[in-house]
Amino acid sequence: MKRIFSGVQPSGIPTIGNYVGAMKQFIDLQEDYDAFYCVVNQHAITVPQDPDTLRQRTRQLAALYLAMGIDPNKATIFVQSDVPAHTKAAWLVQCLTPLGELERMTQFKDKAQKQESVMAGLLTYPPLMVADIILYQTNLVPVGEDQKQHLELTRNFVQRFNHRYKEDILTLPAHFTPKSGGRIMSLKDPTSKMSKSDSNQKAFISVLDDPKKILKKVKSAVTDSSGVIAYDPENKPGVSNLLSIYSAFSDKTISELEEAYADSGYGQFKQDIADAVIAVLEPMQTKYNELLTSDTLDDVLQQGAKRANEEANKTLAEMERVMGIR
């Protein structure tokens, strides 16, 4: 069975855009692949973090993984800092990665411009990402466009490492594009992607928003003055975005929704969208709240860390052997 690795930073509660575009896909992937899902809390500290908030967000993200349907009997769920091999392997990667490759990373250049004082970790965290992937002999990595450059860095490293030490120690990972879950846009500016960091709280729906808040946000979502419910992203971006959301949270295609609401106004349309979103999120929220106050989450993360350590340490030992430090 091919292996998939995915790491998500605990940077706050995900939006329905994060859920539909990526996290929902994890549930399907666990059925066909040996999946490793990691909360990459060590990546988060490349920018200043409040310790208590980081601990809380790490636990929240892990709980959400389980609440949304990831099965710990099918997938390995763990926290990055619980597996020391990640940082150990990252040092080996750094020592074999040219500085120029790191300086060319687009995300480094973008983030460095926004910070007055740039810490070294912002430059060197891509080797940690490389380590995340190679330690599990990963075949496939589901990444978005913004992370493709990091995967290429990983592929270059694997090829360089295997060639230098004349052994196929590391698996060459490939980019994996899951079946598209659709791209959810801002409720207030449907030409921009929905973001949890948006200063306008009405622009996004958090997966932990309560039903009243969800309804209020959907009701206030931007549409247009035509009153026609049709999918036309160029001329009707607001309505098209709402159709995408409705389709993602129901068993109906966009075409079926267009037909069903051909003679309907925006009022009932928005009410039904909110109902569909709430029907999916409410049971997830109930399970999430139960997990946060039970020992189940700790047990799952401990078991996940145990398996992750076993797999990662095997690869690390082989890397150290061929490099002459074991």
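Which residues have the most contacts inside the largest nonpolar core? They are Ile16, Tyr65, Ile245 and Phe249. The views below come from a predicted model, in which local features need pLDDT of at least 70, side-chain atom pairs count only at pLDDT 80 or more, and totals for chains, interfaces and linings use all residues. Residues are numbered from 1 along each chain as its sequence is written, and side-chain values use heavy atoms, with hydrogens and water left out.

**View 1. The largest nonpolar core.** This core has 59 residues. A nonpolar core is a set of buried Ala, Val, Leu, Ile, Met, Phe, Trp, Tyr and Cys residues joined through side-chain atoms within 4.5 Å. Buried means under 20% relative accessible area, exposed over 50%, and partly exposed in between (1.4 Å probe, protein chains only). Among the elements that each supply at least two core residues are α1, β2 (34-39), α10 and α12. Helices (H or I, at least four residues) and strands (E, at least two) are DSSP runs, numbered from the N terminus. The largest share, eleven residues, comes from α12.

**View 2. Around Phe249.** Phe249 touches Ile16, Tyr19, Val20, Ala276, Val277, Val280 and Leu281, not counting residues up to four places away in sequence. Contact means heavy atoms within 4.5 Å.

**View 3. Helix α10.** This helix (residues 237-248) has twelve residues. From first C-alpha to last, α10 reaches 16 Å, close to the 16 Å expected at 1.5 Å a residue; the expected span is 1.5 Å times one less than the number of residues. Eleven of the twelve residues are buried, so α10 is largely enclosed by the rest of the structure. Buried residues include Leu242, Leu243, Ile245 and Tyr246. Their cover includes α1 (16-32), α11 (254-260) and α12 (266-292).

**View 4. The α8 and α13 crossing.** The axes of α8 (residues 148-165) and α13 come within 10 Å and cross at roughly 45°. Axes are lines fitted to C-alpha atoms, for helices over the stretch in contact, and angles run from 0 to 180 degrees between N-to-C directions. The two helices, α8 and α13, are therefore oblique to each other; angles under 35 degrees count as roughly parallel, over 145 as roughly antiparallel, 65 to 115 as roughly perpendicular and the rest as oblique. Phe157, Phe161 and Tyr165 of α8 meet Met319, Val322 and Met323 of α13.

**View 5. Two loop residues with positive phi.** Gln137 is not a glycine, yet has a positive phi of about 50°. Gln137 sits in the loop between α7 (120-134) and β4 (140-142), and is partly exposed at 23% relative accessibility. Lys166 has phi near 55°. Lys166 lies in the loop between α8 and β5 (174-176) and is exposed, at 73%.
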